[in-house]
Amino acid sequence: YMGEHSRLAPMSKFLFAVVASILSIASCVNAAASVVVLKELDTEIVRADRDVQVTFTLFNLGDETAYNIRVSDVYWPDSFVEVIGIRDFTFEELAPNTNVTHTFVVKPTEIGVFHIPAARV
């Protein structure tokens, strides 16, 4: 028992804030597109019965448009419930040197140490 809140996995705050459990390069149909996905949580400490906002930012660092980019972030622990938003989403296209964001909200229902999963891209 860790009081009224729980700390996320024993990662450094810096690593969690910058990477927030995922920084991955997506495979795209067009080899000249280069998509990087960043997953961020709006808090370093998750508190029971308080919303956690999850934001994905997708960057196309390539010189060609990326098409049909699907992100699936449905592998959260059972101790989290959906509040609002969609955790499995697709962007039809992402132009070169641009970015898009997608946000959803989850809420923990238990106290404990949580390992926030990586998404599939």
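The side chains of Asp51 and Lys107 meet in a salt bridge, at 3.6 Å from N to O; a salt bridge is a side-chain nitrogen of Lys or Arg within 4 Å of a carboxyl oxygen of Asp or Glu. Asp51 lies in the loop between β4 (45-47) and β5 (52-60) and Lys107 in strand β9 (residues 98-108), so the pair ties together parts that are 56 residues apart in sequence. This is a predicted model, in which local features need pLDDT of at least 70 and side-chain atom pairs count only at pLDDT 80 or more, while totals for chains, interfaces and linings use all residues. Residues are numbered from 1 along each chain as its sequence is written, and side-chain values use heavy atoms, with hydrogens and water left out.

**Salt bridges**
- The count by this rule is four salt bridges.
- Arg70 and Asp88 form one of them, at 2.5 Å from N to O.
- Arg70 is in strand β6 and Asp88 in strand β8 (residues 88-94), so this pair ties together parts 18 residues apart in sequence.
- Glu82 pairs with Arg87 in a salt bridge, with the closest N and O atoms 2.9 Å apart.

**Exposure**
- Buried means under 20% relative accessible area, exposed over 50%, and partly exposed in between (1.4 Å probe, protein chains only).
- Asp51 is partly exposed at 44%, and Lys107 is partly exposed at 24%.
- Arg87 is buried at 15%, whereas Glu82 is partly exposed at 48%.

**Ser72**
- Ser72 lies in strand β6 (residues 66-72) and is buried at 8% relative accessibility.
- Leaving aside neighbours within four places in sequence, Ser72 is in contact (heavy atoms within 4.5 Å) with Arg87, Asp88, Ala119 and Arg120.

Key
Helix = DSSP H or I, 4+ residues; strand = E, 2+ residues; numbered from the N terminus.
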